[in-house]
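These are my notebook entries on one protein chain. I record what I looked up, entry by entry.

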Amino acid sequence: MPTHEEIDWSAPEVAAHYDELPLWSAPFGLMLLDRVPLRRGQTVVDVGAGTGFLTVELAQRCGPESRIVAVDPWEASMDRLASKVAFLGLTNVELVVAPADALDLPDASVDVVVSNLGVNNFDDPATVLGECARVLRPGGRLVTTTNLVGHMEQLYAAYRDVLTELGLAEHQGALEAQELHRSTVESATEQLRRAGLTVVDVARDSFRMRFADGRALLRHWFVRLAFVRGWRAVVPSRDADRVLGALEEHLDALASRRGALELTVPMACLTAERR
Ligand SMILES: C[S@@+](CC[C@H](N)C(=O)[O-])C[C@H]1O[C@@H](n2cnc3c(N)ncnc32)[C@H](O)[C@@H]1O
């Protein structure tokens, strides 16, 4: 574990590690870090760690006596996390490259489970939450964040208009299913309850993602990575280019009326306890 020595800003590896997290993950991560229990010596599991900004943060914020286990099946992201852990000289991080559907940890052995934008993205959230409940000790807490129904509602409203205009109204149901696939506080609370956990705190907030127009939005690298595939999948692939083109025009028009394209992202941070 590193000491309190100063760090050399001019070192190339310092700049390489300066941008440590996806901007998309940041507002959710801040909500979570504001609420997560922080105690020396605790065992924490980061479920769906991704490239691991939260793992790295908790390893440092809880101190070297703590143990942080990062779990994610995405190999390339865990390689990236391994390089951060090595660079930072952290000795209290373990990486598990696997889905969290079966955790190789004893019952009641964990103080805190965290999941930033994790559980809502898993194929089988019920199984993962069941595992989280199993490994938490009585009194242990799970702290999780998610975006909520209402996510980018301005875009979905424009998409509905596009489907009507292009005579593709039969796909409104698929669009709605995608919107409703996000959690509500009630559905997330129920999911945690079914896993045997009791929700003890719910925090809500929202932020805006702003773009010059639809053209800028649909060419943005992270938007393409995280969202465009889903938007294309609402309609058959033969119609996807036409629909996304029309969506771009609608969003351009909205941006020119409003001065910029602003998409709202409602979010929640739920804390649940193993009783
Ligand atoms: C939206 S990313 C969030 C990553 C990170 N927590 C963050 O906030 O930047 C969701 C992550 O969940 C991981 N994931 C998907 N299914 C999983 C599972 N069954 N168990 C654990 N992680 C899973 C993905 O590989 C991905 O890294």
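Which residues does Thr43 touch, not counting residues up to four places away in sequence? I found Arg67, Ser109, Val110 and Asp111. For contact I used the rule that the C-beta atoms of two residues, placed from the backbone, lie within 7 Å.

**Entry: ground rules.** I noted that this is a predicted model, in which local features need pLDDT of at least 70 and side-chain atom pairs count only at pLDDT 80 or more, while totals for chains, interfaces and linings use all residues. Residues are numbered from 1 along each chain as its sequence is written.

**Entry: Thr43 and strand 1.** I placed Thr43 in strand 1. Helices (H or I, at least four residues) and strands (E, at least two) are DSSP runs, numbered from the N terminus. Is Thr43 buried or exposed? Thr43 has 21 C-beta neighbours inside 10 Å and therefore counts as buried. The term buried requires 20 or more other C-beta atoms within 10 Å of a residue's own, exposed means 12 or fewer, and partly exposed lies in between; the C-beta atoms are placed from the backbone.

I then checked the whole of strand 1 (residues 43-47): five of its five residues are buried, so the strand is largely enclosed by the rest of the structure. I recalled that in a regular strand the side chains alternate between the two faces of the sheet. Here Thr43, Val45 and Val47 point one way, and Val44 and Asp46 point the other way.

I also looked up the pairing of strand 1 with strand 2 (residues 67-71): the two are parallel and share five bridges. Two strands pair if DSSP finds at least two bridges between them.

Entry: In what order do the seven strands lie? I read the order 3-2-1-4-5-7-6 in an open sheet with mixed pairing. At the edges are strand 3 (93-96) and strand 6 (197-211), each of which pairs on one side only. Neighbouring strands are turned by 15° against each other on average, direction ignored. For such angles, axes are lines fitted to C-alpha atoms, for helices over the stretch in contact, and angles run from 0 to 180 degrees between N-to-C directions.

I followed strand 7 (residues 261-274) next. Strand 7 runs antiparallel to strand 5 (residues 136-147), and seven bridges join them. On this side I noted Thr146 opposite Ala268 and Thr145 with its bridge partner Cys269. Strand 7 also pairs with strand 6, in the antiparallel sense, over 14 bridges. There, Arg208 has Thr264 as its bridge partner.

**Entry: the cores.** Which residues have the most contacts inside the largest nonpolar core? They are Val45, Val71, Val113, Val114 and Cys132, in a core of 45 residues. Such a core is a set of buried Ala, Val, Leu, Ile, Met, Phe, Trp, Tyr and Cys residues joined through C-beta atoms within 7 Å. Apart from it I found another core, of 15 residues, including Leu155, Tyr159, Val243 and Leu247.

**Entry: domains.** The domain assignment gives domain 1 (12-147) and domain 2 (153-177 + 209-263). These bounds come from an automatic or database domain assignment. I noted 33 Å between the C-alpha centres of domain 1 and domain 2.

**Entry: two helices.** I examined helix 6 (residues 153-165) and helix 7 (residues 172-180), whose axes come within 10 Å and cross at roughly 170°. The two helices are therefore roughly antiparallel to each other. The angle classes are: under 35 degrees roughly parallel, over 145 roughly antiparallel, 65 to 115 roughly perpendicular, and the rest oblique.

Entry: Most residues other than glycine have a negative phi. I listed Ala108, with a positive phi of about 50°, in the loop between strand 3 and strand 4 (110-116). Met152 likewise has a positive phi of about 50°, and is found in the loop between strand 5 and helix 6. Ala108 is partly exposed, with 13 other C-beta atoms within 10 Å, whereas Met152 is buried, with 22.

**Entry: Trp24.** I located Trp24 in the loop between helix 1 (12-18) and helix 2 (26-33). Leaving aside neighbours within four places in sequence, Trp24 is in contact with Phe222 and Ala226.
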